[in-house]
Amino acid sequence: MSRIAGTLAFACIALAACVMQPRPQLTPVGDVIPAGVSLAGRWQLQAERDDAERRIREAERKSSGGLEDVVAPAGRDRSRSRRGADGPSVYVFLRTGSKLKITQTPHGLFISFDRSVVEEYRFREHRRVNVGPIEADRASGWQDGKYIIQTLDAEGALLQETYALEAGGKVLVRTASVTYNDKELLSLRQAFDRLD
């Protein structure tokens, strides 16, 4: 009897500790557009240096117990993508593509991935976003000359992307990382050449 009571007491303490841990929160990122910085243009991935698609698929397989891929190139219908039961859902918000078209307005960015998926990011936004039934918090804005996009899913997994210019504005560098339970599941860097 005392063994059962001890087990129940331990389970109650563990449950209380889980409940009392605050869920990570996002806050608006950055300030106004840095003077003279425009990400606008058409961009082509430096493919010979890129293995992002493979690395993303490896990360999602590891974090979902190998059940099913959830990230697809921009052309696939993401509303039918599913995640593994044990993995974070934030991967469905990670877009990929070898050609980007970025339109920059005074209030936001529109990024087209391979001409099929267009994402809108509003400067200093903090809002709920969804892909089908999967929802997440999103915050984005300018910081240190980079555009930062943070997406936090219900499980507490964080997708962070940055876009920045290099080589006098001729190269666009995109980074993406996924962290979950204090572990980095994915870290990638892509370079795109300006086409116009």
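Q: Which residues form one aromatic cluster?
A: F123, W142 and Y147 form one aromatic cluster. The model is predicted, so local features need pLDDT of at least 70 and side-chain atom pairs count only at pLDDT 80 or more, while totals for chains, interfaces and linings use all residues. Residues are numbered from 1 along each chain as its sequence is written, and side-chain values use heavy atoms, with hydrogens and water left out.

Q: How many aromatic pairs are there, and by what rule are they counted?
A: The count comes to 3 aromatic pairs. The rule takes rings of Phe, Tyr and Trp (for Trp, the six-membered ring) whose centres lie within 6.5 Å, and calls planes under 30 degrees apart stacked, those over 60 edge-to-face and the rest tilted.

Q: Why is the pair of F123 and W142 given its name, and what makes it a link between parts of the chain?
A: The centres of F123 and W142 lie 5.9 Å apart with 65° between the planes, so the distance meets the rule for a pair and the angle the one for edge-to-face. Strands here are DSSP runs (E, at least two residues; helices are H or I, at least four), numbered from the N terminus.

Q: What is the geometry of the pair of W142 and Y147, and how do you know whether these residues are buried or exposed?
A: W142 and Y147 are also edge-to-face, at 5.2 Å centre to centre and 70° between the planes. Buried means under 20% relative accessible area, exposed over 50%, and partly exposed in between (1.4 Å probe, protein chains only). W142 has 2% and Y147 has 0%, so both are buried; F123 is buried as well.

Q: Why is the contact of R138 and E119 called a salt bridge, and what does the pair tie together?
A: A salt bridge needs a side-chain nitrogen of Lys or Arg within 4 Å of a carboxyl oxygen of Asp or Glu, and for R138 and E119 the N to O distance is 3.8 Å, so the contact qualifies. R138 lies in strand β6 and E119 in strand β4, so the pair ties together parts that are 19 residues apart in sequence. R138, at 2% relative accessibility, is buried, and so is E119, at 12%.

Q: How do you know whether R128 and E135 are buried, exposed or partly exposed?
A: R128 has a relative accessible area of 47% and E135 has 44%, so both fall in the range that counts as partly exposed. Their side chains meet in a salt bridge at 3.1 Å, N to O, one of the 9 that a search of the whole structure finds.

Q: What makes R174 and E161 a link between strands, and how accessible are they?
A: The side chains of R174 and E161 meet in a salt bridge of 2.6 Å, N to O. R174 lies in strand β9 (residues 171-180) and E161 in strand β8 (residues 158-166), so the bridge ties together parts that are 13 residues apart in sequence. R174, at 3% relative accessible area, is buried, as is E161 at 1%.

Q: Why is β6 described as largely enclosed, and how do you know which strands it pairs with?
A: Of the 10 residues of β6, 8 are buried, so the strand is largely enclosed by the rest of the structure. Two strands pair if DSSP finds at least two bridges between them; 7 bridges join β5 to β6, which run antiparallel, and β6 pairs with strand β7 (residues 146-153) in the antiparallel sense over 8 bridges. In β6, S140 stands opposite E125, while R138 faces T151 in β7. The hairpin of β6 and β7 has 2 residues between the strands, and D144 in the turn has a positive phi of about 55°.

Q: What makes a set of residues a nonpolar core, and which residues have the most contacts inside the largest one?
A: A nonpolar core is a set of buried Ala, Val, Leu, Ile, Met, Phe, Trp, Tyr and Cys residues joined through side-chain atoms within 4.5 Å. The largest has 17 residues, and F93, L94, L159, V178 and L186 have the most contacts inside it. β5, β6, β9 and β10 (183-194) each give two or more residues to this core, with the largest share, 3 residues, coming from β9. Another core, apart from this one, has 16 residues, among them L45, I102, F113 and F123.
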